[in-house]
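Hi,

Here is the structure I promised to pass on.

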Amino acid sequence: MNLIENKERIFSQVAQAMETANRTDQMNVIAVTKYVGIDQAKALVDTGVRHIGENRVDKFLEKYQALKDEGLTWHLIGSLQRRKVKEVINFVDYFHALDSMKLAQEIQKRASHPIKCFIQVNISGEESKHGFAPEELDALLPEIEALDNLQIVGLMTMAPFEASQDELQAIFAATHQLQKELQKKQLKNMPFTELSMGMSRDYDVAIANGATFVRIGTSFFK
Ligand SMILES: *Cc1c(COP(=O)(O)O)cnc(C)c1O
């Protein structure tokens, strides 16, 4: 494993995907450090990575405590149990997995300042996946809008592991379409300008479909 080479390769592939998509807007690469310990995460930060993502609260806090003075942006990307919200939420710059109203209410209660959140949507309808069904959102948005400690920056989605290229394309395109529709509504505390999608195996397809945050783990550490 050569972290510098991996980082260079990923960032140049991301730049290539942006160019292919004719995009000049801001793209954010989140390095998902869940596979490694603090030393490797620190080594990756030393290569110039600025966004760190973890999917579990205990691992998030461990990395955060060790690296909080590095000027990084901190992403909690995995599902969050309500009872753990108070331990972690005020250290999180972006929370990517808002998937229930009860969780939204708990964040409202425990946050000491507005937290940037992505609403997770389950576009494929896969049962094992977290997230709201798109058709649920219209009814829920007014309730979430009332929670002023949540700033809904956009949508997050995950494609099924076994999705074909065509399915990936369809899922990411549908998520992009939904994001644009929600952005147009101009709801309070809900800019909906961002799209969190794309992992090691599918970030090129996600970038072609408007992703502004990609969450990449495996490719950094192989
Ligand atoms: C682990 C994880 C990723 C990164 O996946 P890789 O395939 O390792 O790039 C992205 N998003 C979430 C929510 C994850 O848990």
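What follows is about the ligand and the pocket around it.

Some housekeeping: this is a predicted model, where local features need pLDDT of at least 70 and side-chain atom pairs count only at pLDDT 80 or more, while totals for chains, interfaces and linings use all residues. Numbering runs from 1 along each chain as its sequence is written, and side-chain values use heavy atoms, with hydrogens and water left out.

The ligand's neighbours (a heavy atom within 4 Å) are V32, K34, Y35, N55, I77, M158, M199, S200, R215, I216, G217 and T218. By class, that shell has 6 nonpolar, 4 polar and 2 charged residues (Ala, Val, Leu, Ile, Met, Phe, Trp, Tyr, Cys and Pro count as nonpolar, Asp, Glu, Lys and Arg as charged, the others, Gly among them, as polar).

Now the polar contacts (N or O pairs within 3.5 Å). Y35 has a polar side-chain atom 2.5 Å from a ligand oxygen, and T218 likewise places one 2.5 Å from an oxygen atom of the ligand. On R215, a side-chain N or O atom is 2.9 Å from a ligand nitrogen. Taken alone, the ligand exposes 380 Å², and the protein buries 91% of that (Shrake-Rupley, 1.4 Å probe).

As for the lining of the largest pocket, its residues divide into 10 nonpolar, 10 polar and 7 charged.

Cheers

How values were computed:
Polar contact = N/O pair within 3.5 Å; in protein donor to acceptor, adjacent residues only side chain to side chain.
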